[in-house]
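Subject: Structure handover, with notes

Hi,

Here is the structure I promised to pass on. Please have it open while you read my notes.

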Amino acid sequence: MKKLFAAIALSLMVPGIAFAAGDAAAGKEKVTSLGCVACHGADGKSAVGIYPNLAGQQSMYIESSLKAFRSQDRKGNQAALMYVYAGKLTDQDIADLAAYFSSLK
């Protein structure tokens with residue numbers, strides 16, 4: 001039990017990782033205007049194999065990935081393309097998109 005509490009406490013002290021409360025309805029409105037649908041589809045399911053499906057992904061994973069693209073820390077595959085899109089996003093945009101895509105099946 002002590003190890004569990006220690007792990008939780010340690011995870012809360014990791015700097016630079018902050019997650020905002022996302023609004024799935026706002027995220028649904030943003031997927032088109034922010035360009036997400038072009039590659040990932042409005043329903044989070046890509047029609048092109050090189051782009052990942054986002055539907056049903058964990059919101060924390062989506063948030064951390066978008067923040068890593070925004071800061072250009074994430075490399076590989078379509079990273080350069082994602083730098084353009086993620087670079088324009090606010091923390092709230094990211095939280096809303098993550099809430100929306102994670103709510104999909």
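Below are my notes on one helix, its neighbours and the salt bridges around it.

First, some housekeeping. This is a predicted model, in which local features need pLDDT of at least 70, side-chain atom pairs count only at pLDDT 80 or more, and totals for chains, interfaces and linings use all residues. Residues are numbered from 1 along each chain as its sequence is written, and side-chain values use heavy atoms, with hydrogens and water left out.

**Helix 6**

Helices here are DSSP runs (H or I, at least four residues), numbered from the N terminus. Helix 6 has 13 residues and reaches 18 Å from its first C-alpha to its last. That is close to the expected 18 Å, where the expected span is 1.5 Å times one less than the number of residues. Asp93, Ile94, Ala95, Asp96, Leu97, Ala98, Ala99, Tyr100 and Phe101 of helix 6 are buried. For accessibility, buried means under 20% relative accessible area, exposed over 50%, and partly exposed in between, with a 1.4 Å probe and protein chains only. The cover over these buried residues includes helix 2 and helix 4.

**Where helix 2 crosses**

The axes of helix 2 (residues 24-33) and helix 6 (residues 91-103) come within 7 Å and cross at roughly 100°. Axes are lines fitted to C-alpha atoms, for helices over the stretch in contact, and angles run from 0 to 180 degrees between N-to-C directions.

On the helix 2 side, the contact (heavy atoms within 4.5 Å) involves Ala24, Ala26, Gly27, Lys28, Lys30 and Val31. Their partners in helix 6 are Gln92, Asp93, Asp96, Leu97, Ala99, Tyr100, Phe101 and Ser103. The residues of this contact divide into seven nonpolar, three polar and four charged. In that scheme Ala, Val, Leu, Ile, Met, Phe, Trp, Tyr, Cys and Pro count as nonpolar, Asp, Glu, Lys and Arg as charged, and the others, Gly among them, as polar.

**Salt bridges**

How many salt bridges are there? The count comes to four, each being a side-chain nitrogen of Lys or Arg within 4 Å of a carboxyl oxygen of Asp or Glu.

One of them joins aspartate 93 and lysine 30, at 2.9 Å from N to O. This pair links distant parts of the chain, with aspartate 93 in helix 6 and lysine 30 in helix 2, 63 residues apart. Aspartate 93 is buried at 13% relative accessible area, and lysine 30 is buried at 18%. Lys30, Asp93 and Asp96 are linked in a network of salt bridges.

Aspartate 91 pairs with arginine 70, their closest N and O atoms being 2.7 Å apart. Here aspartate 91 belongs to helix 6 and arginine 70 to helix 4, 21 residues apart. Both are partly exposed: aspartate 91 at 39% and arginine 70 at 28%.

Within helix 4 (residues 59-70), lysine 67 and glutamate 63 are separated by about one helical turn, because they lie four residues apart. Their salt bridge has its closest N and O atoms 3.9 Å apart, and both residues are buried.

**Isoleucine 62**

Helix 4 also holds isoleucine 62, which is buried at 5% relative accessible area. Leaving out residues up to four places away in sequence, isoleucine 62 touches Leu54, Gln57, Ala98, Phe101 and Ser102. Its C-alpha is separated by 8.5 Å from that of alanine 95, 33 residues apart along the chain.

Best wishes

Methods. Helices (H or I, at least four residues) and strands (E, at least two) are DSSP runs, numbered from the N terminus.
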